[in-house]
Structure formats: C-alpha cells, structure tokens
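Subject: Structure handover

Hello,

Here is the structure I promised you. Please open it alongside this note; what I found follows below.

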Amino acid sequence: MLYALSFARRCAVFGLKVQAVMSFHAAGGNVGDTCKIPLPKWVLDIGEGNPDIFYTDKQMHRNKECLSLGCDEVPLFWGRSPVDMYRDFTDAFANQFDYLFGTVITEITVGLGPAGELRYPSYPEGDGRWRFPGVGEYQCCDKYMLADLRAAARAAGHPEWGHGGPHDAGHYNSRSWETGFFVSQGGNWQTEYGHFFLSWYSGLLVRHARRILGAAAEVLNKPGRPRMIKAVKELENGHVVYEFQPMVQLGAKLAGVHWWFKSRAHAAELTAGYYNTRDRDGY
C-alpha cells in the first residue's frame with residue numbers, strides 16, 4: 001500500500017491520471033501476462049478442502065485463476081463471502097486514496113473474472129489445455145453452479161436438463177463444425193434446450209457483474225466520499241435539486257472473443273458466457 005501511495009503522489013506531481021484496477025484474479029495464464037502471481041495462499045488453502053470454489057470443466061479440472069461465481073454469496077472465508085471480500089477490498093482502497101479521487105484517480109475498474117474480465121475461463125491458454133482457435137469448454141461443473149442449474153431446470157419443467165453442460169459441445173480445441181452443439185445448421189444451440197442452457201449460463205454472468213459492481217458502487221457512494229455535481233434540476237416551485245455522483249468512474253472489462261464470430265453459433269463467445277449468435281444480439 002505504501003508503494004501505491006507513493007506512486008499515486010508522483011503521478012499527481014507530474015499531472016498524470018490513474019486508472020486503478022481492483023484485481024481479484026491470478027496472473028500468468030493469459031495472453032500478454034509477463035509475470036506469475038497466484039491467488040493468495042489463504043484462498044488456495046480453502047480451495048484444498050473445497051475445490052468447488054473454483055470454476056470446473058466437465059473433466060473436473062479446477063481452474064485456480066479466480067473464484068467461481070457460483071459461490072459469490074456463500075460465506076466460505078471465515079464468515080465472509082467472496083462478494084463481501086471484494087467489497088471490503090474496494091472500501092479499504094477508497095479509504096486510503098479517496099482524497100485523490102477525481103484529480104489523480106479518475107476510474108476504478110473492478111475485476112470480474114479471469115484476466116479481470118467478465119467471462120468464464122473457457123479458453124485457458126496458460127496451462128496448455130486450449131489453443132487458438134478452439135471453441136473452448138463450458139465451466140459449470142462446480143457444485144454451486146450445478147445446484148443452481150438443477151434448480152433452474154426444475155423450474156423450467158425439465159429436471160433432466162440440470163445434470164451439467166451440453167454433452168455434444170466438443171472439447172477445448174474442437175472446431176465449431178465438429179460438434180453437435182455448435183454446428184451452424186441444426187446445432188443444438190438452436191433448440192429449446194440450447195436456449196435454456198445458454199440463457200442460464202450467460203444470466204449467471206450478468207448477475208455476478210451486478211453483485212460485484214453493486215458492492216463497489218455502494219462503498220464508493222457511501223457518506224463522506226468525494227462527490228461531484230452530476231445534474232442540477234429546477235423544480236416548478238422554484239427549488240433547486242442537486243444530483244451528485246462519485247468523483248471516480250466505475251469500470252469493468254469485457255473480453256474480445258472474436259474467433260468463430262463468422263459462424264452462426266459464435267461458439268467461443270457462448271462458452272465464455274456471451275449469449276451472442278448471428279440470430280441474437282447478446283450485447
């Protein structure tokens with residue numbers, strides 16, 4: 001923290017602006033990573049006893065790059081949930097740096113998944129399981145996500161849909177046309193089941209973002225934080241209402257999953273959690 005304070009002050013001296021990133025993921029497994037930094041040991045220790053805190057593929061491989069969104073609100077860490085920890089971390093940062101908000105620190109970007117991006121770790125290049133341009137794999141086999149899937153399937157009147165991801169979606173390095181699920185003509189992504197699963201899978205990602213960004217916005221908006229005028233409204237009775245907003249912008253990262261974009265299913269986007277196809281605008 002002392003280094004960060006010194007860095008921010010030097011930026012202020014030279015008139016530079018800072019975009020602060022709240023990183024809740026490991027480094028070293030993605031394109032452009034030049035260092036290797038794992039998750040904190042105390043998180044990994046919890047994972048040794050409960051590996052379902054990590055995203056899990058159909059081969060039951062645990063991805064230790066970040067925590068599964070399935071346990072977002074489960075109090076696994078000495079009574080605190082992951083969202084509690086993300087909120088507390090952002091709050092602690094703001095407590096130290098809020099006097100620089102708006103002048104030096106202009107944006108806080110909150111990590112939402114692998115590489116800090118709002119997506120599933122469906123194309124893990126760092127450990128060699130995936131190579132471009134494979135379609136990737138669904139990451140929904142930890143016990144928390146499976147429990148949610150079972151509940152959603154029962155609510156849809158199809159409990160048989162709640163046992164895991166699509167059985168015909170290939171593997172990490174499959175091509176779209178090699179799978180029954182992603183093939184352009186007659187693929188199961190177009191069926192009632194396909195729509196159910198993809199809506200559920202992408203919907204969890206959206207709710208994950210809302211939880212974490214909501215928690216960050218809560219601490220950045222709490223009383224005493226620096227604010228700026230957003231709008232001034234004059235009422236009919238002559239009174240004036242001032243609307244305020246935080247001095248820093250809240251940001252998030254989306255992944256540029258471009259391969260298979262020219263196919264109908266957009267397979268790589270689907271496994272990453274973006275329900276975007278040629279027939280459906282997921283953005």
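A residue counts as buried when its relative accessible area is under 20%, and as exposed when that area is over 50%. C71 has a relative accessible area of 0%, so C71 is buried. Keep in mind throughout that this is a predicted model.

Cysteines

The structure holds 0 disulfides. C11 is in none, and the nearest cysteine sulfur to it, that of C35, is 19 Å away. C11 is also buried, because its relative accessibility is 6%. For C71, the closest cysteine sulfur belongs to C66. A disulfide needs the two sulfur atoms within 2.5 Å. The sulfur of C71 lies 9.6 Å from that of C66, so the two are too far apart for a bond.

The sheet

There is an open sheet of 3 strands. Its order is β1-β4-β7, and the pairing is parallel. β1 (18-22) and β7 (249-251) are the edge strands, each pairing on one side only. From one strand to the next, the twist averages 25 degrees.

Helix α5 (residues 192-220) packs on it and touches β4 and β7. The direction of α5 makes about 160 degrees with that of β7. Helix α3 (residues 82-97) lies across β1 and β4, and runs at about 150 degrees to β1.

Which residues does T90 touch, leaving aside those up to four places away in sequence? T90 sits in helix α3. Its contacts are M22, F24, A216 and V219. T90 is buried, because its relative accessible area is 1%.

Helix α4

How far apart are the end C-alpha atoms of helix α4? They are 18 Å apart. The helix has 13 residues (143-155), and at 1.5 Å a residue it should span 18 Å, so the two values agree.

D142 caps the N-terminal end of α4. One of its side-chain oxygens lies 3.0 Å from the backbone nitrogen of Y144. Y144 is also among the buried residues of the helix, together with M145, L146, L149 and A153. These buried residues pack against β2 (54-56) and α5. Just after α4 comes G157, with a positive phi of about 80 degrees.

Backbone points to check

Most residues other than glycine have a negative phi, and most peptide bonds are trans.

- P133 is in the loop between β4 and α4.
- W78: phi is near 50 degrees, a positive value in a residue other than glycine. W78 lies in the loop between β3 (62-67) and α3. At 65% relative accessibility, W78 counts as exposed.
- W260: phi is near 75 degrees, again positive in a residue other than glycine. W260 is in the loop between β7 and α6 (267-272). At 15% relative accessibility, W260 counts as buried.

Best wishes

Conventions
Residues are numbered from 1 along each chain as its sequence is written. This is a predicted model: local features need pLDDT of at least 70, side-chain atom pairs count only at pLDDT 80 or more; totals for chains, interfaces and linings use all residues. Side-chain values use heavy atoms; hydrogens and water are left out. Two strands pair if DSSP finds at least two bridges between them. Helices (H or I, at least four residues) and strands (E, at least two) are DSSP runs, numbered from the N terminus. Axes are lines fitted to C-alpha atoms, for helices over the stretch in contact, and angles run from 0 to 180 degrees between N-to-C directions. Contact means heavy atoms within 4.5 Å. The expected span of a helix is 1.5 Å times one less than its number of residues. Buried means under 20% relative accessible area, exposed over 50%, partly exposed in between (1.4 Å probe, protein chains only). A polar contact is a pair of N or O atoms within 3.5 Å; within protein, one must be able to donate a hydrogen and the other to accept it, and residues adjacent in sequence count only if both atoms are side-chain atoms.
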